[in-house]
Structures are given as structure tokens and as C-alpha cells.
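Open the structure in your viewer and keep the selection tool at hand. The stops follow below.

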Amino acid sequence: MNGRLGKWVGDHIVLLVGLLVLLYMFMPIFIVVLMSFNDPASKNSYSFDGFTWHNWLNPCEPIGMCDAVTLSIRIGFLATIGATALGTLMAFALVRHRFKGRSVANIFTFLPMASPEIVMGSSLLALFVSAGFAGTLGFWTILIAHIMFCLSFVVVTVKARLAGLDPRLEQAAMDLYANEWQTFWRVTFPLVFPGILAAALLSFSLSFDDFIITNLNSGQEVTFPMYVWGAAQRGIPPQINVIGSVMFFLALFLVISSEVFQRRRARVTA
Amino acid sequence: MADSDAEDLVLTGVTKKFGTFKAVDDLDLTVPQGSFFALLGPSGCGKTTTLRMVAGLEELTAGAITLGPQDISYLKPYKRPVNTVFQSYALFPHMTIFENVAFGLRRQGKKDVKKQVEDMLELVELAQYGARKPTQLSGGQQQRVALARALINRPQVLLLDEPLGALDLKLRRAMQIELKRIQTEVGITFVHVTHDQEEAMTMADTVAVMNAGLIEQMGEPKELYEHPRTTFVANFLGQSNLIKAKVNGTDGDQIRAEIEGSTLRVPRDRAADDAAVRSGSVWVGIRPEKVFLAAGGTETSDGSNVLRRGRVTDVSFIGVSTQYLVRMPWGQELMVFEQNTGAREDFRVGDEVDLHWLPDHTFLLDADQDATAGVEREDLG
């Protein structure tokens, strides 16, 4: 009996450990979704006191929360566009062009990723203040800060994709009567696009949930992470979990639909 | 030939330097219109660089490339009536086979491409594969798509950069015949770069043997093989026995060369270099399959070149022929290939043999050249 149990455990140990790790990873998300339906007994309650649709039907009830979400989304979009455009150009320059200081530039683009956020945040604040922006900290300083810390990630992501792109594909396009412009849009861009898209999604999520740098450079503005931080001092309104759940399901939907799209395309051409 | 020089591809003094390294050195070359031309050489000899300069993918350091009356030396690649079949095929992975083949036509602003693309896919026997992606095809199929994608534009010159290198032997043989058929059919000038001497000789009308950025010799495959003018060509195209000898006079049309007391005769027109002949020191060359083996001391017909008192040191039976290594009295080992017709006597290791061959099969090279130039190393197979 003991032997048979031992064998069963032996056969399934990897599966068991795997499931446990998955559970560990997803537990916080289950809690967020669950708590979005919570009807808390008091302001400071962290337990599930009762089920309600109220939070989903009135997501903007907590004062200032939806303003904070809107601000975070606006900054997220603009930072994504700025960082993706700049970072993609940087990645092309670093991979495709041989220039003096190229390897140094490569190392420097890594530095912001490696330096602690609190250091970057406080030095940015010092920079803004000494440059005379002390009274005008807000939307634009947040945006500048976000583009800056997203850039490195974009460069690294796009660079990886570009490095795997055979330069002979572009040469073949040129050989087949495509000029530089057509070569870029017909061959280079479509092939690098998955990397650019990944970089953009990464930028958005980095920007959307940044707290430390934002908190130091935001002046009077309140982004969603800052709102959550503030609310946590007084008791978190359950609507925060609604926003969290929506973000999660949106991400899940994007991942699944891109997977389905790719599989269908593969099947059509097979 | 009278009007064909109108569209010949002509390279004049073409030089390409990478830093201080001369990849191509003052190259002059004329490729007649409509010919199947092979640039043959070991890797690193500058043949691919030459091809890429013709395609416009590499800039000349010096010299000029003209196509008929047009100087294309510094034209952008997309402005040249030249297309390339890349070694790695370089098919666009995000496009279907149809779109890959249609790419060149669409870029030239042609609208109704369907019929042409279908005809072209028909030609390379891939008619039903139009909707697939490149990764869903085998290597041989991808190779044919690359060919179709280039050919459909009806370029004046088609450049092929080791296009069969990635295929297995059997498929390579089939594609060689296929390429030759297509070239004959469409009549476009093909410039084919390869390091495979058999491939070059099978397909090309003219072969240029390239070494260290220079053309060693150029001509029809048979001419190159039977009448090499440098030790490099003698060794790189097939195999050769090169025997050091002293010229000691002439007999009418024949040059007499002496080696260890034996006199070998070579027709004067088979001496690569008159200066070498006058200087007295030469390599006497003979292809291994041209040599006959006879038991030591056998009488031989008058006029044959004979080298006596060889000793067989190695025998390899490889089916169609038997390959012997024979050590000569002066220590050199010579190769002899005997066809297994059943009419030839077999020899064993240790047997004493005489080597004889016709003077007409002998060639003379400059003794200053390295006798091992162009010998293929084992690992290159």
C-alpha cells in the first residue's frame, strides 16, 4: 500500500508542484475578483462580508477614483506612444548602424532598468525643481518620467526582435524593386511588429501601475496607483477591485484573442 | 554572337576592399548575354562579393560594372534589371508563396499579376502551393520559390548565390538539371556562384575559377579540366598529379621534360606558360584517370609517357573505379584511377608497376606555383 502511494506521488509530483505554484501565482487575482463583489460591513473590513452587484454597477462611486483611472489611462497611452516610437528608432539605430560609441550607448540604455526606481524618482524631482518646474509638477512631468523609464524596456524588446531579423530579407526586397520606403513598410515593419507590439503593451502596463517615480513627480495630480495607496490608509473601497478585475479580464481577452487569431490563420494556410 | 554584346554583363577593374582586406582585386570579366556562367572558387575567394556588387548590395571600391550600354556600378539595387536567388532563399516569412512571387511585379506597379504568378509557379512545379507560407515548404520547394520570385521579373541577369548549397545530394542533382532546363527555356543570363566544381561543370557554359579575389582561369568546363593553366585550377577542378621536371629541349611540336632519367613528352600547346618552359623548371601534370597501370617492366607502345618502378602503396575499390596510390622512386605518391571495366589488371599493395599515358593528356605548369594550391581539404569533402 505504502509502495503504491509512493509511486503515485512519484508519478505526479511535478504536476502537483506545478499546480501549487500556479495557485500561488493566481491567488491574488482570485481575491481581487472575489472582493469586487464584496459588500463590506464597515470601511475597514478586509473580509468577504456579503455578495453584491453594487460595486460593478457603481464603479465611480468613490470620490476621485475614476478621475485617477482616467489620468492613468491617458498617461499610459501617451507614454506608450512616446516610448514605443522613440525606443523603436533607438533599437534600429543600435542594431543596424555602426557608429562610434555604439557599445557604450547599448550599455547606457540598460542603466535605467538597473537603477532603483526611488533613485530615479528622486533625482528626476531634483532635476525638475532645479530647472524651475517646482510649481508646475503634474501631468507633463509624470509623462516625461514615464516615457523615460519605459524607453529602456522598449529598446531591449525591439532590439531582440530586430537582431533575429535576417538582413537578407531586406536585401531581397531591394533586389525585387522595392525602394527603401517600400522595403521598410512591406518587409521590415511587418516582421518587427510583434516586437513593437510587445514593447507597447509592456510600456502601458509599466506606466499604468508605476507608483514610486510618479508619486515623487506628480505635484497635485493623482494617478490610480496613488489613489489606491491613499485609499489603503482609510480603507480600500471595493470598487478598486472592480477596476483591477476589468484590467485583468481585458489582458486575458487580448492574450486569448491573439492566440485564437494566430491559430485560425495557421489553419487557413495549412 | 554579332549582336549579343549589346547586353553583355561587363566588369572592368572591379575592386572591393573591406578595411585593408582586398576581397576582389581588379577583376575583369565579361559574361555574354544568355549564357550560363559559373563563378567557381573556395569559400572566401571573393565570388559572393562579386555577385553582390553586380546586384548592388555591395558598393564597389573601384572599377565599373556595365550591362549592355548602361553603367550600373552605383545604381540602387532596385534600379537594376538584375535579380538574385539568395543562398538562404530569403523568402518573406510573413507572406504567402503567391505574394512572395508577386512581390517584384507589384513593386514595379504591375496590376494584373495573377496569371503571371500562376504560370511561374507552374514552371517550378509548385502550382498548388500558392496559399502556403514559406515555413510550410521543404528546402527544395523553398529553393524553387526563390527562383520563381526572381525569374518572374524577367531580369536581364539572374544571380544565383550557391542556391543549391542547403539541399541534400540527390535533390541537388535534380535541381541542377532543372535549373539548366529553365535557363535554356527562358534564355536569361545566369551567373551562378558555387564552390562545388561538379555543379559548376554540370550546368555552366563558361566557368571562371576564382581564387583570392582574382580569376585564375576562365573557359568551357572541358577546356578548364583538360587544360588547366595554374596549379590551383589543376587541383581545384578534379585532382591532378603534379611532377617536378626539367625541360631539356623540344622535338618538333613536343616539349621534352626529364624526371629522374625518364623523359616525358608534352605537346607545346599544352604548356601553360612559355616563360616557365624556357626557364627549364616545370610541373608536369596528368589527371589520375588518364594514367594506365602495367606490371613492372611491361613493354609499352611507342610515344607514350612512361614512369617506371612505382610501387603500389594503397588500393581503394570504390565501385566504378579502383583508386591506386603509387610511390615513385623519388618518393612522391601519384594517384591512378582505373575504371572497373573488367579488362584491366588488378594490382595489390606492394606490386611494382609502370605508369603510362598519352602525351596529349599531359600538361605543363609553371614550377614557381604551389603544387598544393587548391587541393581540397578532407573536411571540405
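Select residues 69–261 of chain A. This stretch is 82% helix and 0% strand, and its end C-alpha atoms lie 30 Å apart. Helices (H or I, at least four residues) and strands (E, at least two) are DSSP runs, numbered from the N terminus. UniProt, in an unreviewed entry, places "domain: ABC transmembrane type-1" here. UniProt positions use the numbering used here, feature names are shortened, and annotations may be inferred rather than shown by experiment.

A note on the model. It is predicted: local features need pLDDT of at least 70, side-chain atom pairs count only at pLDDT 80 or more, and totals for chains, interfaces and linings use all residues. Residues are numbered from 1 along each chain as its sequence is written, chains are lettered from A and ligands numbered from 1 in the order in which they are written, and side-chain values use heavy atoms, with hydrogens and water left out.

Next, select A:Cys60 and A:Cys66. They form a disulfide, S to S 1.9 Å (a pair of cysteine sulfur atoms within 2.5 Å). The structure holds one disulfide over all chains. The S-S torsion is about -90 degrees, so this disulfide is left-handed.

Which of these is buried? A:Cys66, at 19% relative accessible area; A:Cys60, at 46%, is partly exposed. Buried means under 20%, exposed over 50%, partly exposed in between (1.4 Å probe, protein chains only). Now try A:Cys150: buried, at 0%. B:Cys45 is buried too, at 2%.

Finally, select H8(A), residues 180–208. Go to A:Phe189. The helix H8(A) bends there by about 50 degrees, and A:Pro190 follows within four residues. The bend is the angle between axes fitted to the seven residues ending there and the seven starting there.

Notes. Expected span 1.5 Å × (residues − 1).
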